[in-house]
Every structure is written in C-alpha cells, then in structure tokens.
Amino acid sequence: MGLKSWLRRRPSDDEIREELEAHVAMRAEHDRVDESVARRRLGNTLQTREAMRRVWIAQWWDALRQDAYYTWRSWRRRPAFALAVVLILALGLGAATALFAALDRVLFRPLPYVDAARLVSVGLLSAPPNRGFEDRTESVPDRGYVRTWGTTPAPFESVTAMNTFTCEIAEAQPEGIRCGRVEHNLLRVLGVRVAAGRDFSPDDDVRGTPRVALISHGLWVRRYGSNPRVVERTLSLETPMGLLSPVRIVGVLPEDFEMPLEAADILIPAQLRPLDPKAPFASLIVALGRLRPDVTPERAARMLEPQLKAMSEGIPPSFRVAWRVQPLRDRRVGDAARIGWLLMGAVATLLLIAGVNVTNLLLARVAERRREFALRAAIGAGRMQLVRLALGESVLLSLAAGGVGLLVAFGLLRAFAAMAPPGIPGIGDAAIDVRVFAVAAMLGLVTGASIGVWPAISVFRVGDAQGLRATSTSSPGARPRVRFALVTTQIALTVALLGGSALL
C-alpha cells in the first residue's frame, strides 16, 4: 500500500455498512430475489466488511491503532500506574537526552570545516631535565614559526597560526569582547568563506599596513543590527598591545563559524612578517595545519624533527623538546571526552535503574491482567496478539515518557552547559534540535521494547485454563524469583551509580 493511500480520507464504519447494504440491494435487484436471500448468498457480512476495511487501511496499522486505543482506555482506568511509569522513565530519558545534546557538538558532530579529519594542531612539548612532558600541546614561538616555516613544511598542504585575547570596543558604546590575531589564510586553511565582504589578503598581513578586521555574525547582529553596510566601516579596539584605531571592517563571518579553539568576536591579521627587530621576546602562537592525504599525525611529527632546534628558539637549552601533532578535535576536546563518556555511563546506569523499576511494575500489571489475557486467548486471540498488546503498552508508555523527558531535558541542558568547564568549544550552542529529537525518539522506542520484553514473554505462560483458575500469588508474571532478581539488580545498579557519582 502506497503512501498516497495512507493520506486519503478513509470511510467510516457507517459508510462501509451503507455501501455493503447498497451492494446487497443491487444484487437482489439483479438476481430478482429478496434482500435476505442476496445477503445469504453474499456470506458472512462481518468478514466482508473487514475485507473492505483492508482495502483502505493496512491490517497491521489497523491492529496497532486498536491496541493503542485499548491501551489508552486501560490507562484511564488506572491513571496512577501510567503516571508512575511515565514519571520514572521521564527522569532517565530526560537526563540521557540532555546529556547527549550537551555532548553532541563536542564528541559526535564533525567539525564545521572542510575535510576536518586532516586538520591538526602542531606544537612543542617541553620539559625540564628529569621530568616528563606534560600531557598537553604547547604553542610555538612566533619568531621560530616565521623563520622556520617561511614555506609550507613537507607534511602539510598549508599551515596557519592564531591566538586569542581579551579586547574592548572603545567607542560610544564600549563592549568587552574576544579578539583573535590570525594569519591571513586561516579561513582558507579551514575551508570557510565569509558571509559578506571579503577575506583577508596577504597584503593585510604585512607588518605596518593599515589594520582590517572580520567580525563574527553574532557581533554583526548584536551591535550593527545586521546592517549590510557594515563593511568598510571603522571601529576602535583597545587591546593589550594598545589602542588600534581605525580598524576597517572588511567582512562578516558565517553564522555557523566556530574558531578552532577559543571563541573570538573580531579577527585581525597577526602581521607576523617581517619580524620586528625591536621585539626582545618571542610570543607564543597556536599553529594549525592541514595534512597531506597520505600523512598521519605521527608521521608528520617525525618529519618535523629536523626543524625542532630552529623552532624552539627561546626555550632553555637544558629543556627537552619534542613535536606533538594531534587531530584538531582532540585538541579542542581535551579531557572533556573522558569526562563526557563517564557521565554518559552514569546516565545510562540511571536509565537502566529506571527501566528495571518499570519492568517490575509491568510484571505486576501482567499478573493483574492474567484473567483478561486468558479470556482473550479463550475466545480466539492468538499468543502473538497478546504479546503485541503487552509490548505495545510498554512502548507507548516509553514514548509518552520521552515526551515528558524532553521537558526535563530542556531544564537539565541549561544546567549541564552552566556546569561545564570553560573553554569547551560548542558547549554553549548545545540545543534540543532535530538531530537530538531523533535520537530521543529512537531511545524511547528502544527503551520501550527493552522494558516490555520480559512482561511480553510472561504472557506466553498464561494458559487459557491456568489464567482463569490461577490466583495472583501463583501467576507466572509475578513469580517471586523473577521479582527478587529484578530488585537485586536494581539495588546493585543503584549502589554502583552512587559510588561512581561520589568518585566522579
């Protein structure tokens, strides 16, 4: 049955009955017999009406609709049971959804750059004598960078450099922001185009040339009201290096642009070349590179070894120095990945505890409905129909809990973003979007199927005569061993969760 037939208007039961009666009347007139004779010749009218319904509605879809309607009626008779299950599952599903939304941009989504897997952070690891390297990537001295990498090193297709600092717009309405000093080719290395105006040119990056700037989309909207004429306007910036005025705006960054590491509202050319002979000390900058297709980060580090001495200018000779080349994602995330996976494990344990608790409630529900299932089986319902009814109730409960869990997730997501360590890129932009909603829906379906498996299996054990004669204490769905195993599992998981939370 195609999608078109699903969307068309379906006849009601009265319309099907009227159509069938009209057919009987036409048949009686054609055969010149009474309508009662024509109706007998037609056969079982109930089966005929069901066959007519299947022309309009898929049989499995109709059965699913009927099961859903019956489940809703049973919830109305026992609202306390449905409310308890929904609230228990909503807590676990909401926490899982909120944590996934918070970590999605950090751990799972690809970086918003062209061929981001080939982007790496390049830095020097240095350590005093008799001490190990710290487990982090250092920057490189700007003097060594300019002198050593006048041309692109062999492992890379292109390299660029940057750093960020606090600055202030020194105008009638001052505003504290973050500024970035970048090489002119930063956007080209990342594979990003400006949204308005133009990108930096090599001439903008020569020491002593007039200052130009690219502003973020957020600053463009917030301060300039999305005015397209902002390009070629000037502004004054107060930086640790002094007052920069005038700084001419030449372009606006895309709305979805993210700095590789720390965020920045305004980018200005670093103007590292030519070197300033008056500068007594070298400053540190972050170097980024795009690897050639056949080069790995480990191989790139080995290929850079001959340049180590020239690049490490300013580091004491007694220090040990080594290259470290790591994927840009690893540099951005840092320890957040390990902490994130630990938190996901804790939330998964919380959801598992909620699932075990709900499974206990569903088993009690099956035990309570043993006579109903036995009576259904006695009047012709197949075992798979009974299993579908029990399993469908758990899935519908889980989906309802998922809807409530989304409300819980909105509140928890704000708390997660506020508690996150500073400097994690993308955590501030976390939101419940279509991608997160799809994952939440899938999690709700999987959870509903998981918590309903055991109660559904117990329905197989409800025999016709057994279900009509059994008492509540002897019902297979409420066997003490099963309930004891679930309670024991729940206690064990709770203790593990509490212990892990205390350690975390």
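Analyst: Let's start with one cysteine: Cys179 counts as buried, at 0% relative accessibility. Bear in mind that this is a predicted model.

User: Good to know! Which residue does Cys179 form a disulfide with?

Analyst: Its partner is Cys167, and the two sulfur atoms sit 1.9 Å apart.

User: Where do Cys167 and Cys179 lie?

Analyst: Cys167 is in strand β3 (residues 156–169) and Cys179 is in strand β4 (residues 175–182), so the bond ties together parts that are 12 residues apart in sequence.

User: And is Cys167 buried or exposed?

Analyst: Cys167 is buried, with a relative accessible area of 3%.

User: Why is the disulfide called right-handed?

Analyst: Because the torsion about the S-S bond of Cys167 and Cys179 is about 80°.

User: How many disulfides does the structure hold?

Analyst: The structure holds 1 disulfide.

User: Switching topic: where is Asp104 found?

Analyst: You'll find Asp104 in helix α6, which covers residues 79–108. Asp104 is buried, as its relative accessible area is 1%.

User: What is Asp104 in contact with, leaving aside neighbours within four places in sequence?

Analyst: With those set aside, Asp104 contacts Arg109, Arg435 and Val436.

Notes
Residues numbered from 1 in each chain as written. Predicted model: local features only at pLDDT ≥ 70, side-chain atom pairs only at ≥ 80, totals over all residues. Heavy atoms only, no water. Helix = DSSP H or I, 4+ residues; strand = E, 2+ residues; numbered from the N terminus. Buried < 20%, exposed > 50% of the residue type's maximum accessible area, 1.4 Å probe, protein only. Contact = heavy atoms within 4.5 Å. Disulfide = S-S within 2.5 Å.
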